[in-house]
Amino acid sequence: MAWNLKEDLRDCLVAAAPYGGPIALLKNNFRKEKSLGSRPLLEIYSASGVPLASVLWKSGQVVQLGWTASEDLLCIQEDGTVLIYNLFCEFKRHFSMGNEVLQNHVREAKVFHTEYGTGVAILTGAHRFSLTTNIDDLKLRRMPEVPGLQKLPSCWAVLSQDRVTIILLAVGQDLYLLDNTSCSVVTPPGISAHAGAYVQMAVSFNYRYLALFTDTGSIWMGTSSLKEKLGEFSCDFRAPPRQMVWCTRPRSKQRAVVVAWDRRLLVAGNSKECIQFVLDEDSYLVPELDGVRIFSCTTHEFLHEIPEASEEIFKIASMAPGALLLEAQREYEKQSQKADEYLREIKDQNLLAEAVRQCIEAAGYEHEPETQKSLLRAASFGKCFLDKFPSESFVWTCRDLRVLNAIRDYQIGIPLTFAQYKQLTIEVLLDRLVLRRLYPLAIKICEYLRLSEFQGVSRILAHWACYKVQQKDKSDEEVAHAINQKLGDTPGISYSEIAARAYDCGRTELAIKLLEYEPRSGEQVPLLLKMKKSQLALNKAIESGDTDLVYTVVLHLKNELNRGTFFMTLQKQPVALSLYRQFCKHQELETLKDLYNQDDDHQELGNFHVHSSYSSEKRIEGRVGALQNAVDEYYKAKNEFAAKATEDQIKLLRMQRRLQDELDKPYVDYSLHDTVYSLILDGNHKRAEQLYRDFRIPDKRFWWLKISALAEREDWEEMEKFSKSKKSPIGYLPFVEICMKHHNRHEAKKYAARVTPEQRVKAHILVRELDQAADAAIEHKNENEMNLVLSKCTAATDSLVVEKINRAKAQTLKK
Amino acid sequence: LSLSLSVTRIHIGLTLKFRGRDVRKSPAIVWDEYLTGPFGLIAQYSLLKEHEVEKMFTLKAGRLPPADVKNIIFLVRPRLELMDIIAENVLSEDRVRSPLRDFHILFVPRRSLLCEQRLKDQGVLGSFIHREQYSLDLIPFDGDLLSMESESAFKECYLENDQTSLYQAAKGLMTLQALYGTIPQIFGKGDCARHVANMMIRMKREFPGGQNSIFPIFDTLLLLDRNVDLLSPLATQLTYEGLIDEIYGIQNTYVKLPPEKFAPKKQGEGGKDLPTEPKKLQLNSAEELYAEIRDKNFNAVGSVLSKKAKIISAAFEERHHAKTVGEIKQFVSQLPHMQAARSSLANHTSIAELIKDITSKYPFQYSTYASEDFFDNLTVEQEFMSGIDTDKVNNYTEDCIAQKHPLIKILRLVCLQSVCNSGLKQKVLDHYKREILQTYGYEHILTLNNLEKAGLLKLQTSSRNNYPTIRKTMRLWMDDVNEQNPNDISYVYSGYAPLSVRLAQLLARPGWRSIEEVLKMLPGPHFEERQQLPTGLQKKRQQGENRVTLVFFLGGVTYAEIAALRFLSQMEDGGTEYVIATTKLINGTNWIKSLMEKLEPPPF
């Protein structure tokens, strides 16, 4: 042991965590006089005795120490308060075991582990039990009274059966079982009538077995359900033992109990014989899954049943295949031909695979690297002579042993056995290394075992970073930089979690710096908002591109800031501004106007007014008013065109209103085109002309418009008059088309005669005078036109035309 | 490759199943009508039925139809106006009967705080037991085509500076990469492309668990802003599929056609029972014939159809030669396939006839306004694209306005001219605008403003017109186009080679460095990013193995552009296969429509 203890262990309150866990000592606890100089001292050591931390105890009287499954130290005080410390004596939190306990004081306490978590059981001065099965989800249970109990029980234990936690207690020669509701007297089966009073009891690691020690020196062993007796042993010592624990191995048939007195250790099992050891100094027993750890001031040992594989191999003169293989390999190294003999012997029995398996298994149980190596070498040697031996078990054992050897090093001090390691799982082991702040080792192990980054390295780095932010002696810059250097862009790192930790420690600036490294904006933004860094949150939200996130912040800002500042903020963020505009478009039209106003965006303001002249104004005057506003804004925006157009619109609207009143027909919201059309259709040519002039409708369009309307009105007379009013700016083909559209071939023909020569063919085709069309085409000597005419000909009716064209085409070809 | 994309379909389908189970038993689904189309592509109605979806309704204002169900799921896009309808539904529900039903809301593709706030304001947020999202980012439309079907993506990105759809696109690309491996190379052109690439790189860092260990299917991702190539959607598409879309509009692979041509030809009945319901057809590559002709220039479709007709009738003739029982049996076994082929041929012959009536160079009769001048319109478009008279007021356009042709047609022409001239001179622009406002109404001033903001319509600022340089360098206009057996992508517009696809083509060979100058003339930055792959996943290309490029059109893609990319995929010496993704399948008409401001005059 690396520690340098001056005190005897017996003078200290001791608690050692299972699975090679840490050891806590509370010194000076039993001294009654509480002078300043002799305050109790709480010390925590690794299992190898390396001091981890110590703290001067300033709270109340401690009755019991115990470790939780996650290696936190529980200090149970006399007043029922339980204080929780971490491995480094840093206070985490506390809770109370209830008023009853507070009044009657804690006389004895036990910490126990079940599938629910870590529990605490208390025996109070009123001889009542209280317990909780999970300190992380505190539910206090007061157990029923034991009838007639006038003094403290001589011994008691917590049992867990079928997920129910119960208490077994002994008073003299009586055993009581306390469950949630009742108290019953029980008798262990097969116990001799003269066994005497119970003075000590032990429950196995898995709660399956129970051992009872009586004042006659008799040890009863059986199942904890008290239904079966496994054996009884009678020893010569009657003094109550200091400790009694089970020493078994999972899946083994052998069961033994280790009993310790001050200077004596006795191992008793299902046999008449027992093994005795002499203890040189004060020792403390720690029950483990597969054995018992025994430590004293100077040593730390592991007592366990020899596993079958090891026994087979190392038994003196063993002829087991594993033993032979080990021997064969040794001979082989000595370059002796005996290697072959041994090998042959195994192979003849067809046991080589078994031999390799044994060696691999046995290697796992060994603590001494040299022994591990020689066993593994033997396995590897044997494997060479096998065809299909799956290599996984060998590879994995090598890897696991490498990890185990590393953590068993006294500087790390986690003496896990192979079985414990498998039970614990690598994930939990890594957690424990992290708890001890052994980050580099944990990372090395992850890399060595090739765990995925997400499960392994990233997680450990994140823990490291969370620890790092608590180092108050370093500046924010240093810490942030150091963290980023280590973590970089490692996938799966949550910088926001680290930042949240920093913020919890009151280091807002550091948190912000760390958040800079967080790639997931979805994570950054809420924390920034929580830290009231909304501007920054806005930046981050925009960077992410997630518009919903931007909305989140914008609406948050809207509530947080006054309107002016809010607008100013948005102004600096065009993306947010556009999104907010969209929001306003649907939700708050007036705000939209204010936004444009603030930006002096006159174009958009103009558009806004145009919009409202349609959507919010109903009466003509209101609409004209809105449009007038639009005109003003368009002018301010130097959009001459839009301003003029809108002025025209106002003019038109007013005029339509007048027309509507005068002619009693709806005109409002017709386009200019439709208004004029409608006027012509009704024969109001004067007014139509008026509009034509007022709005400077281009001639071409007016002519199109007028002839279309006249044709629809079938006012052929007026159309002819119009066609002669001056030279048509659109030519006369449109006249032909429009007449034909209204099925007036007669009128159409009139205009067909007036079209320009280039359009003549088309015009004749339109009025279905293919013969004349052909003539025109031939006259033009235009082959395309001739083809066009041809395509319109039908063989039945137009054979003459076809003939004519073909002749003409032939002639042109000749030339 | 098409096989692997259909995995996405299944993947999404399964997720939906799971979702359905989430909300206990026998729910009724209230659909946002817009979603029924896209959802139809991934989860058939029958599939939903199997998963105990009791009833389906369309989301409508007012009261929900009565249905004896415990759970009601609203399946909606995150839009405020839909929230109002839902609120109305929920509120009127409570008034009629005691609150017996449970409400749930499933946002597609993303939950939105804004919408939840709206529901809260309306006082109904608490009524929803579950509020979830269904991340339907990219919907498989065909073996090589994915679309987000976000109808207003272009408007939001380029007009309103709302990049929600880009975020969704980046998310979709991440999902795609999770399924098909990290794409090692990313190229892009345009501001939105840059933004999406940035978000992708960012999101990659956010992914926990590190490297994606899937062998990458795509070699390259090309992100293209729609505003890099505003021209292609404005021009009339001349592929078979493109024309169907231009004329009838394809929605979620379905098209509705006038029924006359599809009347069952039975003798004796005459024209008595002409169907009145439009004929609805699904169009995708699962149909053998359609796969063959969809991307051909329409002028090349006729010959294929007649060839097919001969083959099929020859196949049917076979029965006369079938003598032995065995031969007859074999013939019969092929019948279903032949009959399917025959009905497919009949359908497409009818469609081709319909289109022919409209596009025919020599229309026999001036029947309808819209159809009479398809050819004239096309001629003008082609003049603009080849750079003829783009700087003055166009007579044809003027005449069309004077005859009040559909506004969208006019806007397409004017915008096309503007784009082909790098903007119009003030006088020309103002003239067009005035003509439009006077003819179609002053309310369109806002639409015109939108088009200007989007860059579709603009004032020529510099005296230089860049378009001819771009046209020449990128060979956007090809005079000797071969429509029947094309040797260049320009066949899809009978002369014009879509700029967007040219960019993709030049990227593959010889690389963008060769057109650096032109790239600078096009809006937005161009860039290249590399995503590191673990060494095990790096491709060792075999001789003759094609590279696979995913082209993502931000702001929409037309069928003609898709056809051009497919043409490049099929080129023997092309060396690159293309898969296409987009925010929305568009054509000039629905694209311009999405940019129009709808101002309804108040009721007087």
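**A walk through chains A and B**

In the UniProt record, an unreviewed entry, the feature "domain: Vps16 C-terminal" covers residues 493-811 of chain A; such positions are given in the numbering used here, feature names are shortened, and annotations may be inferred rather than shown by experiment. This is a predicted model, in which local features need pLDDT of at least 70 and side-chain atom pairs count only at pLDDT 80 or more, while totals for chains, interfaces and linings use all residues. Residues are numbered from 1 along each chain as its sequence is written, chains are lettered from A and ligands numbered from 1 in the order in which they are written, and side-chain values use heavy atoms, with hydrogens and water left out.

Let us begin with chain A. Residues 493-811 are 78% helix and 0% strand, with end C-alpha atoms 89 Å apart; here helices (H or I, at least four residues) and strands (E, at least two) are DSSP runs, numbered from the N terminus.

Gln372(A) belongs to helix H6, residues 369-383, and counts as buried because its relative accessibility is 3%; buried means under 20% relative accessible area, exposed over 50%, and partly exposed in between (1.4 Å probe, protein chains only). Its side chain makes a polar contact of 2.7 Å with that of Asn405(A). A polar contact is a pair of N or O atoms within 3.5 Å; within protein, one must be able to donate a hydrogen and the other to accept it, and residues adjacent in sequence count only if both atoms are side-chain atoms. Gln77(A) sits in strand E6, residues 73-77, and is buried at 5% relative accessibility. A polar atom of the Gln77(A) side chain lies 2.7 Å from the backbone nitrogen of Gly60(A).

Now cross to chain B. Helix H8 of chain B (residues 191-206) has 16 residues and spans 23 Å from first to last C-alpha, close to the 22 Å expected at 1.5 Å a residue, where the expected span is 1.5 Å times one less than the number of residues. Among its buried residues are Cys192(B), His195(B) and Arg202(B). Why does Phe218(B) count as buried? Because its relative accessibility is 3%. Leaving aside neighbours within four places in sequence, Phe218(B) is in contact (heavy atoms within 4.5 Å) with residues including Leu176(B), Tyr180(B) and Val548(B). The C-alpha atoms of Phe218(B) and Tyr180(B) are 7.4 Å apart, although 38 residues separate them along the chain.

Finally, look at where the chains meet. The contact involves 66 residues of chain A and 59 of chain B. About 5,500 Å² is buried between them, with carbon and sulfur atoms giving 57%; buried area is the accessible area (1.4 Å probe) that two parts lose on being put together, summed over both. Arg202(B), Gln438(B) and Tyr442(B) supply 13% of the area that chain B buries against chain A, more than any other three residues. There are 5 salt bridges between the chains, each a side-chain nitrogen of Lys or Arg within 4 Å of a carboxyl oxygen of Asp or Glu. One of them joins Lys404(B) and Asp674(A) at 2.6 Å, N to O. Helix H18 of chain B gives the largest share of the side that touches chain A, 9 residues.
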